[in-house]
Every structure is written in C-alpha cells, then in structure tokens.
Amino acid sequence: MGPQPYYQPRPVPAWAAPLPPPARTQLTPPPRGWRPPPFPAFPGYPVAQPPPGYPVPPVRPVYLPPVAYGQHPKVRRRSYRGLVIGGAAFVLVAVLMLGTAVVWALHSGPGRRQPVRATATWQYPSAPPWTSPKTTPPQPPPGPQPVYALGDNPLFAGDWGFRNGPCSTSTWPFDLPHADVFYRELRACMDPEWKWLLDGRDLPWSSPGLVVAGRYVDSPCGDEDFADSTAAFYCSANNTIYMSTVSMSSGRYGNHDGVYLAVYAHEYGHHVQELSGISSEEWNQRVAVGADSPLGLELSRRSELQAQCFSGMFLGSRRGGTITQQELDLAWNDQERGDGQQPKRDHGSNEHSAAWWHHGSLTNRLRECNTWRADSSEVS
C-alpha cells in the first residue's frame, strides 16, 4: 500500500490503541509542492542543549535626559526682598516686646492671679509620624500554581494521556515564512492537549512563545549558532521555543511532518516541565549537588529523557491527518538523539534517548514518563 495523500485525514484508532511495529522506511517524501535540490543524508539533528542556569539578561541602563530637556537656569536680577523681610522682622519684635511688658504689669500689680502649674494631657504617638504603616506581603496570584517537585509532581498522578486525534499542517518549513506558519500550526495542535492535561492536574498552563530563525539567533538565554550543534532549544527566561531552518532543514528532512514535530514536541515538553515546577526543582537540586557532578548530570539526563518521552507520547497519539503511519515510522527510527560520543553526559545515551521516545509513543501515559522514579541504569 502506497503512502496516503496529504490533506486527507485518516480514521483515528481508538484511544490508546496499540501501534503496529515501526517499519524501516526510506526517507523518500511523496510529492508535495516545491522541493529543494537533493541534499546528502543528514545523520540526525542533535538534541537542544541550552546553557544550564538560563542566564538572565543584564539590566538595561537608565539613560538620563539631556540637559536641554530640563528647566533653563534663570537670570538673577536685583531684588529688594532682604530689606522688606528685615523691616517686617523689626516690627514683629517690637510688638512682642510691648505685649510682654503689658502682661508683666498686669500680673505684678495688686490683685494679680496666682500662677497655676499646667497639667500636660498630650502624649507622644505610639510610633513616629515618619514610620511607614505595616504593609501586607504580596500574595500569589489566584489560580493554579506550580509544584516544585520531581517524582511526586502532580503531573504524574492518575492515568492520564493524550487524546487521539489528527494533526494536519498546511505547509512545511522550506523557508522562514513557511516554517513560521508550520510550527505555529503544530503549536495549535499541541496547545489544547497540554492545557487539558495540566488543567486536570491543577497546574498552570500557558502557550509557549515561538521564534523561527535561520542560522543564528539571540535570546535571553544566550545566543546560538544553529549550524554548530543545536537544532532547537527552549528558553525559560521568556518561555519561548526557538526552531531553526538550518539544522532542521527541508533539504535534509524533506516534507516529513513527523520528524519536525518530534523536535518541536521535545521542546514543548521542556515548557511543560517549566510550567509544572519540575525544571525549577531539578535545577535547584543540581546546584545543591554540583551542576556538573555525577549526580547533577544524572538529573539533567532524567529531564532530557523525559522530554523525549513526552515527544513520543504526542506523536503516538496523532495518528491521522499528515501524521500518517509513515511519518510516525520515520520519527520512530530517528530518535537516537543522546550524547553520542560527547564527553559531557547530560542528555543520556543514544539508546536511552530512542528507548524513552518509543516508550512514550507506545504507552501514551504521563506516569510512564516519570524518569525521576526510574533506575539509574535506565537514564545513563
């Protein structure tokens, strides 16, 4: 049976129905609009590796306005204000002296009144008048709040997974304008599902930002040359996913939606970790044990492998629309995105990267992606 035509939704299997085993298909896309010239096969996009700690951008300096924008200095003119004030003061002193003499004469003469000691009734206030009144500390905004926990985070409670449904796109990312439309349509496909899951766990939800760039991009988390080693990354400083048309080039991957969606769904998984409080707790624990210590790197691997599992979950549930079985097979066979031969082991081995993606795709349950409870041998 040949590939299904695009734009023709297929019947969606029952919810959480088992998937057929993946097939080793060739990367030969069916005709769909314009296609760039043939490009040598690309061995695979590397998993996003944003710098740990997510550095905060420097505070902008305060630029004072030019002097010309202020009030102009006034020209000093001759004034007789001093003479007027001096004369008024002299008159006032004379009046006071005269009044004192009159009062003294009345009290010193015959029939004068006896002095009476005054009783003070005024008291100092309990607090100086310049003391600021006590203020109520700011309260957290109403609504769901993140839970700073890992294995026992509410995200993994219950028997929750994605609902089966189609996910279709109107184009594919062969240039920046079309890539922007493509990834925004994928986001519109993922938003309602993740909102449904987070709302059900009483966790906050918001749609992530999206920036589609070519080779180079600057973000609050630092700049990135996508031609070097990164295909995409998530920045928690502005809750934005950054995708590239260079590392994820249509000349390398063609118009196979599943491959692009797998990368985007991985980064969306990091967004969910940030919203739920998992990312903050993971980083706090890494700092406590040493970010690049063996335990710190293991925490990083658990986070990355969990994003892989979330990605597999979503693609496994999207069997319909342009995410056909062929697209799922291509993405299935393209998930060895771990550390490879890199000396820093912060993403997991290639085998574990693929295994967690496959596990999420087959089980479609958040609790099955709880890498924080997995044995260390499964996240090495």
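## Disulfides, salt bridges and a strand hairpin

Arg163 has a relative accessible area of 33% and is therefore partly exposed, a class that lies between buried (under 20% relative accessible area) and exposed (over 50%), as computed with a 1.4 Å probe on protein chains only. The structure is a predicted model, in which local features need pLDDT of at least 70 and side-chain atom pairs count only at pLDDT 80 or more, whereas totals for chains, interfaces and linings use all residues. Residues are numbered from 1 along each chain as its sequence is written, and side-chain values use heavy atoms, with hydrogens and water left out.

**Disulfides**

- A disulfide is taken here as a pair of cysteine sulfur atoms within 2.5 Å, and when the bonded cysteines are counted along the protein chain, the links follow the pattern 1-2, 3-4, 5-6.
- Cys167 is joined to Cys189 by a disulfide with an S to S distance of 2.3 Å. Cys167 lies in the loop between helix H1 (81–108) and helix H2 (176–200), while Cys189 belongs to helix H2, so this link ties together parts that are 22 residues apart in sequence. Helices (H or I, at least four residues) and strands (E, at least two) are DSSP runs, numbered from the N terminus.
- Cys167 counts as buried because its relative accessibility is 2%, and Cys189, at 12% relative accessibility, also counts as buried.
- Cys221 and Cys235 are joined by a disulfide with an S to S distance of 2.0 Å, and this link is right-handed, with 85° about the S-S bond. The pair connects distant parts of the chain, since Cys221 sits in the loop between S2 and S3 and Cys235 in strand S4 (residues 232–235), 14 residues apart. Both Cys221 and Cys235 are buried.
- In the disulfide of Cys309 and Cys369 the sulfur atoms are 2.0 Å apart, and the link is left-handed, with -75° about the S-S bond. The two cysteines link distant parts of the chain, with Cys309 in helix H6 (residues 294–317) and Cys369 in the segment after helix H8 (350–363), 60 residues apart.
- Cys309 is buried, with a relative accessible area of 0%, and Cys369 likewise counts as buried at 0% relative accessibility.

**The loop between H1 and H2**

- Pro166 lies in the loop between H1 and H2, and it counts as partly exposed because its relative accessibility is 44%.
- Pro166 and Arg319 are 153 residues apart along the chain, yet their C-alpha atoms are separated by 6.1 Å.

**Salt bridges**

- Side chains of opposite charge can pair when their charged atoms come close. In this model a salt bridge requires a side-chain nitrogen of Lys or Arg within 4 Å of a carboxyl oxygen of Asp or Glu.
- Glu193 and Arg163 meet through their side chains in a salt bridge, at 3.0 Å from N to O. This pair links distant parts of the chain, with Glu193 in helix H2 and Arg163 in the loop between H1 and H2, 30 residues apart. Glu193 counts as buried at 8% relative accessibility, whereas Arg163 is partly exposed.
- Asp199 and Lys195 form a salt bridge whose closest N and O atoms are 2.7 Å apart. Both residues lie in helix H2, four residues apart, about one turn of the helix. Asp199 counts as partly exposed at 39% relative accessibility, and Lys195 is partly exposed with a relative accessible area of 36%.
- Arg286 forms a salt bridge with Asp292, and the closest N and O atoms of that pair are 3.8 Å apart. Arg286 has a relative accessible area of 5% and is therefore buried, and a network of salt bridges links Glu282, Arg286, Asp292 and Lys344.
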